[in-house]
Amino acid sequence: MKNTFKITKGLYIPMTGTSAKEVVSAGESEQWSVNPNDYHGVVPRLLVQVGDLVKAGSPVFCDKNKPEVLFATPVSGVVADIVRGEKRKLLNILIKADAQNEYVPFPVRDPLALSPDQVKETLLNSGLWTLLKQRPYDCIADPSKKPRDIFVSGFDSSPLAPDYDFILKDQSTDFQKGLDALTRLTEGKVYLGLSVKTQAPELNQAARVEICRFDGPHPTGLVGVQINQIKPVNKGEVVYTANALDVAAIGRFFNTGKVDLTRLVAVTGPMVRKPHYVRCKPGMSIQSILKGNVHTEAHVRYICGNVLTGVQTGSDGFLNPQAHQITVLKEGEGIHELFGWALPRLNIFSFSRTYFTKLVQRFQPGKKYEPDTRLLGGERALIMSGEYEKVFPMDILPEHLTRACISGNIERQEELGIYEVAPEDFALCEYICTSKVPVQQVVREALDKLKAENGD
Amino acid sequence: MRPTFSEGGKLSKLHSVFEGFEAFLFVPDTTSHSGVHIHDSIDSKRTMSWVILAMVPALLFGMYNTGYQHFLAVGGLAEMGFWEIFGWGALAVLPYVVVSYGVGLGIEFISAQIKKEEIQEGFLVTGLLIPLILPIGVPLWMVAVATAFSVVFVKEIFGGTGYNVFNVALMTRAFLFFAYPAKMSGTSVWVTTNASFGFGSALPVADGFSGATPLGQAASAVGTNALHFTNIVGQPLTWWDMFLGFEPGSIGETSTLAVLIGAIFLIATGIASWKIITAVFAGGIGAILLFNALAVNVYMSVPFWEQICMGGFAFGAVFMATDPVSASRTEKGKWIYGILIGVLAMIIRVLNPAYPEGMMLAILLMNIFAKLIDYYVVQGNINKRLKRATVGVQKGGNHE
């Protein structure tokens with residue numbers, strides 16, 4: 001079986017604000033958040049009330065459609081507030097943290113000694129099952145479906161992505177234990193996708209998994225692209241996907257019996273004064289992680305995640321559980337470029353050859369750019385052809401699949417491979433699109449509709 | 001100014017116009033609210049304006065050639081300087097550009113206001129293409145009618161930019177060709193002997209004047225002697241003349257060199273598909289070589305380096321066939337689409353006595369088949385996926 005994959009399609013977006021390899025601890029977060037809206041497609045059923053005492057790892061809500069999937073709090077304390085919106089929609093669960101963090105004591109066990117059902121049950125009860133996602137539909141893994149294989153991505157190629165080698169340093173026992181737990185969940189293989197540039201022995205010497213190497217620009221780090229290269233998903237099959245950093249958290253749980261979601265989050269972006277890594281937990285307030293490390297003269301946008309697939313948060317927001325990175329950049333509203341679309345604009349980055357980006361990069365290799373959040377054009381119908389294919393290294397026709405999603409043609413979507421993709425796979429297509437089509441949103445809605453139609 | 005034009009304001013009916021001008025002057029500062037947080041700086045305005053830039057060499061040379069052919073016909077070419085010739089030709093061509101843009105953009109503005117959408121930039125390119133594919137003698141009112149017909153029935157009723165099935169500029173020409181054939185073909189339409197904006201006057205032509213283009217000459221050739229092309233006053237026309245464009249023809253298509261400059265520009269900036277351009281030339285040259293081999297009549301013996309410089313073949317290959325909306329959209333499909341255009345254009349040209357120029361009809365015909373070609377390419381991708389599926393996709397509605 002081929003183990004090294006060279007990918008030529010894609011785009012590396014150079015931005016200023018890469019995190020320096022130093023670690024700072026986060027400040028105190030007054031309130032912590034466990035937010036059902038961070039998990040797409042989950043209808044929550046509350047399991048706590050205001051005033052309940054919780055410990056790190058105790059369940060706070062569950063999925064109404066799958067009550068065995070529990071969502072746990074990362075911190076111990078007392079439930080301070082349950083925020084509801086219109087029609088009593090659950091907006092947020094706020095927890096006031098204890099001075100001293102206490103953990104729910106789970107037994108310390110070796111997953112290799114457990115049966116698959118026991119491993120599954122342990123993960124569900126601890127709330128760590130929510131770290132696993134699945135294809136099709138790109139939602140939380142369905143515990144009732146047996147996965148054909150499990151794919152773990154061991155590196156991130158997105159703009160300003162955190163360095164997994166640096167984060168997983170000295171976590172080899174945790175990471176390996178996490179991989180072992182995953183091997184118990186499937187009768188197929190666990191594939192670990194690594195970059196040809198990955199140096200860390202923690203990743204390179206992972207055992208009992210099939211290591212596949214990838215060489216190429218973004219989106220090689222996306223697990224969907226890796227799956228399509230290694231062993232694509234067919235209709236009727238289910239695969240689980242996970243992030244290596246979350247796998248280490250799972251391993252830590254099996255090693256210590258504690259739901260300890262402490263993670264190194266890369267604080268990145270052009271508007272960060274000193275980009276570095278912060279040791280914190282999901283659910284903390286953004287401000288306690290940033291600690292004033294941001295240029296606030298201009299209107300800025302805080303993103304939990306990277307600029308392509310991340311979620312926008314307010315300055316009073318909280319770190320969502322899927323984010324291992326915070327990006328801060330300028331909003332850019334109010335910037336009016338006169339005839340900007342006709343000028344050479346030597347200092348902006350573009351994939352298109354109508355700008356001089358490649359020429360500038362030849363004279364200034366390693367130049368980094370400071371994009372802002374402007375659309376830089378109006379939304380149009382799809383005009384240019386062959387655009388998406390240039391940054392979509394999967395054996396799928398992205399433009400035709402996007403059209404099928406826009407027109408709601410479910411059969412066509414199935415034929416063209418909707419079961420293999422997630423919205424994040426289309427992020428680069430959306431970035432370079434001349435017509436500014438909101439591709440990720442289109443694909444997300446199509447996946448949701450398909451999931452509802454299929455009754456999964 | 002903005003509130004006056006928004007809903008409820010006094011001039012809200014002109015909202016689209018206001019937005020259009022604002023978007024023309026400035027890069028919009030709307031920020032993204034879903035999906036990616038940063039966007040590439042490319043947008044459709046930049047793409048369209050780059051296509052216009054690529055057409056400028058053909059436009060400028062067309063203006064010069066119009067003047068050149070005029071003074072060659074009425075005499076006095078030797079006394080005219082470069083700028084006089086160019087100026088005369090520019091004044092002759094300018095009314096067509098103005099009418100084409102005026103009518104087309106007017107209809108686009110109205111449609112955008114009715115749909116309450118932004119004015120889309122598709123017509124910026126079409127508006128310049130239309131004058132370049134017309135003979136110089138066409139009355140302006142005909143151009144206006146044809147442009148209006150094309151924009152409404154070929155573009156707007158399908159949904160506007162990005163939704164047209166046929167190439168809009170080519171349909172304008174097709175409308176004129178079938179509705180007013182006397183003004184679009186023959187030997188008298190390619191050179192104007194009238195005044196241009198009051199300069200010069202309707203002068204009698206020189207002796208030996210024949211307004212036939214090389215295409216016309218080839219189509220009407222009899223006998224088996226090799227074709228020797230002549231210019232409008234009977235002097236021999238060399239290949240170099242045909243390549244540079246000093247021959248009668250539609251305004252923008254005579255100079256293969258100008259088209260080539262445009263092609264290099266479009267391919268280097270990645271706006272036009274090099275696959276389509278290469279495929280059209282390959283298909284055309286292949287068909288010509290086949291005809292050369294069969295050589296039943298003298299037209300079939302014209303060598304390919306002369307054939308591709310004759311008529312609108314090169315212009316159509318670079319600017320018309322590459323319209324991304326009406327062409328095939330899959331990469332494999334573009335090769336098939338291009339080759340078939342080239343072959344069909346040559347077949348219509350050489351074998352069909354009724355149509356001296358086959359390029360327009362070949363492209364319009366292939367516009368119909370472009371999506372069919374795509375269908376089969378996509379079907380290939382689908383079949384590959386089906387082969388490795390465990391549960392077959394059930395056709396016809398039911399699915400688990």
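This briefing covers one helix pair in chain B and some backbone features of chain A. The model is predicted. In chain B, helices H5 and H7 cross at roughly 35 degrees. Chain A has a cis peptide bond between A:Arg135 and A:Pro136, and another from A:His218 to A:Pro219. A positive phi is found at A:Arg88 and at A:Lys291.

**Helix packing in chain B**

- Helix H5 of chain B spans residues 122-132, helix H7 of chain B spans residues 168-179, and their axes come within 8 Å.
- The crossing of H5(B) past H7(B) is right-handed.
- H5(B) contributes B:Thr126, B:Leu129 and B:Ile130, which meet B:Val168, B:Ala169 and B:Thr172 of H7(B).
- Sorted by class, this contact of H5(B) with H7(B) holds four nonpolar and two polar residues, and no charged ones.

**Cis peptide bonds in chain A**

- Most peptide bonds are trans.
- For the bond joining A:Arg135 and A:Pro136, omega is about 5 degrees; A:Pro136 sits in the loop between strand E10 (133-135) and strand E11 (139-140) of chain A.
- For the bond from A:His218 to A:Pro219, omega is near 15 degrees; A:Pro219 belongs to the loop between strand E14 (210-215) and helix H5 (223-230) of chain A.

**Positive phi in chain A**

- Most residues other than glycine have a negative phi.
- A:Arg88, not a glycine, has a phi of about 60 degrees and lies in the loop between strand E8 (77-84) and strand E9 (90-97) of chain A.
- A:Arg88 counts as exposed because it has 7 C-beta neighbours inside 10 Å.
- A:Lys291, also not a glycine, has a phi of about 50 degrees and lies in the loop between helix H7 (286-290) and strand E18 (300-304) of chain A.
- With 13 other C-beta atoms within 10 Å, A:Lys291 is partly exposed.

Terms used
Residues are numbered from 1 along each chain as its sequence is written. Chains are lettered from A and ligands numbered from 1 in the order in which they are written. This is a predicted model: local features need pLDDT of at least 70, side-chain atom pairs count only at pLDDT 80 or more; totals for chains, interfaces and linings use all residues. Axes are lines fitted to C-alpha atoms, for helices over the stretch in contact, and angles run from 0 to 180 degrees between N-to-C directions. Helices (H or I, at least four residues) and strands (E, at least two) are DSSP runs, numbered from the N terminus. A crossing is left-handed if the near helix is turned anticlockwise from the far one by less than a right angle, and right-handed if clockwise. Two residues are in contact if their C-beta atoms, placed from the backbone, lie within 7 Å. Ala, Val, Leu, Ile, Met, Phe, Trp, Tyr, Cys and Pro count as nonpolar, Asp, Glu, Lys and Arg as charged, and the others, Gly among them, as polar. A residue is buried if 20 or more other C-beta atoms lie within 10 Å of its own, exposed if 12 or fewer, and partly exposed in between; C-beta atoms are placed from the backbone.
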